[in-house]
There are 2 protein chains.
Amino acid sequence: MAEQQAKIHAWQGVSFTGVTINDEFWLPRLKVLRQTMLPDCLSKCEETGRIKNFAKAGGLLEGHYEGKYYNDSDVYKVLEGIAYALMSERDARLEAEADRIIGLIAAAQEEDGYLCAYFTLENPEGKWTDMEKHEMYNGGHLIEAAVAYYEATGKRELLEVACRLADHVDGVFGPGKRHWVEGHQEIELALVKLYRVTRAERYWKLALWLLEERGHGHGVGAIWDNPEWGPAYCQDDVPVREIKQVTGHAVRAMYLYTAMTDIVHASGDSAYAEALHRVWTHTVERNMYITGGIGPSRHNEGFTSDYDLPNETAYCETCAAIAMVFWNHRMNLTFGDGKYADVVEREMYNGVLSGISLSGDQYFYENPLASQGGHHRVPWFETSCCPTNLARFLPSLGQYAYAVTEDGLAVNQYMNSEAELVLASGLGVRLKLSTRYPWKGRIELEVNPAASAEFSIRLRMPEWCRGYRLEAGGARIGGAGALTDQGYLVLSRHWSPGDKVVLELDMPVNIVRAKPEVEADRGRVAVQRGPVVYCLEQTDHPGWSYDAFSIPAGATFRVEHLPELLGGVTVLWSQDEDGRPLRFIPYYAWDNREPGFMQVWIREREESGLYSF
Amino acid sequence: MAEQQAKIHAWQGVSFTGVTINDEFWLPRLKVLRQTMLPDCLSKCEETGRIKNFAKAGGLLEGHYEGKYYNDSDVYKVLEGIAYALMSERDARLEAEADRIIGLIAAAQEEDGYLCAYFTLENPEGKWTDMEKHEMYNGGHLIEAAVAYYEATGKRELLEVACRLADHVDGVFGPGKRHWVEGHQEIELALVKLYRVTRAERYWKLALWLLEERGHGHGVGAIWDNPEWGPAYCQDDVPVREIKQVTGHAVRAMYLYTAMTDIVHASGDSAYAEALHRVWTHTVERNMYITGGIGPSRHNEGFTSDYDLPNETAYCETCAAIAMVFWNHRMNLTFGDGKYADVVEREMYNGVLSGISLSGDQYFYENPLASQGGHHRVPWFETSCCPTNLARFLPSLGQYAYAVTEDGLAVNQYMNSEAELVLASGLGVRLKLSTRYPWKGRIELEVNPAASAEFSIRLRMPEWCRGYRLEAGGARIGGAGALTDQGYLVLSRHWSPGDKVVLELDMPVNIVRAKPEVEADRGRVAVQRGPVVYCLEQTDHPGWSYDAFSIPAGATFRVEHLPELLGGVTVLWSQDEDGRPLRFIPYYAWDNREPGFMQVWIREREESGLYSF
């Protein structure tokens, strides 16, 4: 792609607090989150000593630090999830438990603002010596939790802890002070959030300084000493504005790009913008799985070489998929292009969602695209970043649905929802979106501006969709009435309360082939319908052996919605080359029944194309 | 494709007399046929002396033969069309005119059965000397008209003329008699029809003998003397059972294969069957346009080299597209595979239909896939095979809708229709099919067997369709309930009067790319929705210049039905690379407004695929 400077739009995000989800697909998952995931994550944090570590560091309890040095972050992420959950629905018991934990966290903070239970308890001399020890990573998650909890409850205690920590970091590091290349990015994006809630400019300047520290040889610690990793592992190989390619640990890379995008959104920095376009293209063109998964290698939890996308050994960490949402959401707001919201969608319905069982208490850390039957979700991990990332991701889903544009609003994700937006003009607009997405392509949007007014509504045209029909204000859109701009249908018109838009997206079964460079998928096809990627599971094909079947070229699929299966899924029926029935289920729903093999990329029976075209 | 012996099914065709078309797409065309095309073709035959030639040859009128030596055939074809039209709706005036013409034809027949007005009038010594002079070709069309007119009216006069001619031919040619390689095939398939109505075996044996004459060096006449043509021009280069590749004049080739398929249907001849599979694959894989058009070259009105499919100079004779229907219809009946009915569909909605104007009085002989603006339909041709072929094709459309299979019935073409079938078991079944095809993919079939019974209904799954939903007898088809066999969904069950089947075919906009071997289409895409191939016309894009635009990769299309445009069409809106609106109309409907350029294959803006897959 020619590297052309994309215009910076700087759309505004719509907080999920302004969005109520009433969706038959997502609502059951949000219920499971409240009823199972959050309580379960809290119990696990308690049982594994993660919460007690704060009490110990605060002198409220005797004993040594338990677990990994980055375990504080899990508690913060669960708190962040609780905050989001409380914003949708207050829950006194949950809030009281959160307040109790926040008290322990506050107790664990040192006088100077330092906060990292591991170092306080076990290695106070080692503070700020090894840049791979996640002190700022932990701090970043503290800040995110604090901002969320403050916004949810109005309570300032955790926010003040976070500010003290941020100020401590700002006192130790920065221009004329000490260098620091944080081994695991996270605090940078968190500091931007802290800036937004406090309006204290030093926070976003600190974030920018931290970004700028990278790529100049300042890194010291376990990463840099490890010859198999080196600085590229944590994106310390080049200055960020010179980034050309995605590299190293996937989650770290995505958190870095997320923060860089926040900076462009705020400052319009063109060098950052160009670096982001380069690395985004490199990521999605050559290093992303059809599920949205990224980072094929367990070795570095990250990237290897272009088009290296093995299926059985695909690492595809759940956190990396979530981080892709963070990054692409901000890219969408910053550059106003629907292609980023397309990636958000791909992650939501595939690479992220596969991370959690339907029951809400079992998790994948790795999300391979094929399995011989040995890969299964488990209740918790020693390094449990993925469960706690899901616990904060799911309750904040609503924020991805809409955006406020320069001249109106954009609908990014199609879910049954009601939303309250305030346009750039100051006009309030209530929206009601009705759909059976992702199973049906019909979308009805009711538009209720506070007063009749001229503005534009952008409806994302998903990249998997070729054809659509559109009505607005009761009339079919005729002629060249609504055409696409940067992946959106744009309806610029006078809107009155009660106006309706009906968008019908063709939602065919798409047969997908990988680029020929992807060796792992040569001679194979994947099946996608709407945003949902499908797979075959052994339990639907008893007696079959792994990879001993193929699908004929030009196969057709019967589309059947089964409300009782796997929480309600649309399945696709086809036939293998011997006429045996194949039943495809959504990839996200695999490993929720009897164990067995699974495949996304199915061998295709070779046959030259029937026609000349 | 491995050359495997396909099973011979020998399904039975369902005469269009058993099928009433009530279709919003086809019915207006059938009305135009009655009101304009048939009267117009009759007038043209009269004005150009085609009808008078018979009167002159019969001694009823003085004067020389007018026009081409094959002009008799046009009169026969119009009579055949009149016969089909009369079968659907009697029309005394039309029938009286037909009877008058039949009287002239009968008068023109010589004592010994010979009938070819040109030779009788101008060159009686030259009879049966030049195999390229279409004497048998004319005779074949006489026979087809005679069979149709007999079936329509019960009147035997023309049938008797046809039998006398066939017997004359049978007396002059055959084993132990004279050799003959008819330059323009046609009589072979006609003789099979004559056999079916008379049950006189000598007719189909004569057809078989004529087929077997080819490829042995017996050809004599203008073709064989012309160094640029030679025997391959009329498929006289190899014995028919050794045919490997499509060659020569397209209409002649198709009529040949049609007759060969009739032979396989009747006799099961495996050498013929294998030759047909080879040549069919060679035709559609390497020598067919997306419109179903065949025969790229004006020079030989036929085939050149594999993948030579130029767009502006595409010859694609209307008659060749019609002949593809004849052949593929018979292939479908003989081998029970939906892929042949797919080709019938492709021709019906594209390569055949483009041959006639919406007004019904202007014709294309050639059907290019691109034009700079100079190609237009005209009212008639000196060689007017195409108008008269359309005049007999359209009123017989109903015959392509259904077939009777070994164990039930097949629905081949989806059009609003009512049909009366008699299954192989003797059971009568009335069908009522409701659809808005080709614009909508929903198809409702009401099944009314004379008594409840077990049989199978096969529904063709069009090759352009990947996904579908199916209900039968009020219940969604669950599990592996209906899977595909040779391109059909097969519903084998107990059927009771009033049972309903609902099939919903996904009808997305498909972006089509040619095989890389097709040089003319490299870097270009075509747009197809359902069975309809689309094009761009200049009149919708004022001020644009030919080929100075391109379509972005991954373009999306707004689907809009415009009942007032071009007789009611679904148009597709998209945008070119500069954001200017593109309006695609069905290819068949081009050149019905202001003259201007037209393109089917549009340049695609080059861009590497967005994702790794």
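Predicted model: local features only at pLDDT ≥ 70, side-chain atom pairs only at ≥ 80, totals over all residues.
Student: Which residue stands opposite Leu445(A) in E8(A)?

Tutor: Leu433(A) stands opposite Leu445(A).

Student: What other strand does E8(A) pair with, and over how many bridges?

Tutor: Strand E14 of chain A, residues 499–505, pairs with E8(A) in the antiparallel sense over 6 bridges. In that pairing, Glu444(A) stands opposite Val502(A) in E14(A).

Student: Which residues of strand E8 are on the covered face?

Tutor: The covered face of E8(A) holds Ile443(A), Leu445(A), Val447(A) and Pro449(A). Its uncovered face holds Arg442(A), Glu444(A), Glu446(A) and Asn448(A). The general rule is that side chains in a regular strand alternate between the two faces of the sheet.

Student: Another sheet, then. What is the order of the 6 strands in the open sheet of chain A?

Tutor: The order is E1-E4-E5-E9-E13-E12, and the pairing is mixed. At the edges stand E1 (12–13) and E12 (484–485), each with a single partner strand, so one side of each has no neighbour in the sheet.

Student: How many bridges does E12(A) form with strand E13?

Tutor: There are 2 bridges between E12(A) and E13(A), residues 488–495, and the sense is antiparallel. Within that pair, Asp485(A) has Tyr488(A) as its bridge partner.

Student: Changing topic: what rotation superposes chain B on chain A?

Tutor: A rotation of 180 degrees with 0.0 Å of shift along its axis does so, with an RMSD of 0.0 Å. That is the relation of a two-fold axis.

Student: Which residue of chain B comes closest to the rotation axis?

Tutor: Pro508(B) does, with its C-alpha at 3.1 Å.

Student: How many residues of chain B are in contact with chain A?

Tutor: On chain B, 51 residues are in contact with 51 residues of chain A. Several elements of chain B each supply at least two residues of this side, among them helix H12 (270–286), strand E10 (467–472) and strand E20 (569–575). The residues on that side of chain B divide into 27 nonpolar, 10 polar and 14 charged.

Student: Why do the copies meet through the same surface?

Tutor: Because 100% of the interface residues of chain B are also interface residues in chain A. There is strand pairing between the chains as well: 2 bridges join E10(A), residues 467–472, to E19(B), and these run parallel. Gly467(A) stands opposite Phe557(B) there.

Student: Is Ala453(B) buried, exposed or partly exposed?

Tutor: A residue counts as buried if 20 or more other C-beta atoms lie within 10 Å of its own, and as exposed if 12 or fewer do. Ala453(B) has 14, so this residue is partly exposed. Ala453(B) is found in strand E9 of chain B, residues 453–460.

Student: What is Ala453(B) in contact with, neighbours within four places in sequence aside?

Tutor: Its contacts are Leu427(B) and Trp495(B).

Student: Last one: what domains does the assignment give for chain A?

Tutor: The assignment gives domain 1 (48–230), domain 2 (238–399), domain 3 (403–505) and domain 4 (509–605). The C-alpha centres of domain 1 and domain 4 of chain A lie 43 Å apart.

Methods. Residues numbered from 1 in each chain as written. Chains lettered and ligands numbered in written order. Helix = DSSP H or I, 4+ residues; strand = E, 2+ residues; numbered from the N terminus. Pairing = 2+ DSSP bridges. Least-squares fit on C-alpha atoms with pLDDT ≥ 70 in both. Contact = placed C-beta atoms within 7 Å. Nonpolar A, V, L, I, M, F, W, Y, C, P; charged D, E, K, R; others polar. Domains from an automatic or database assignment.
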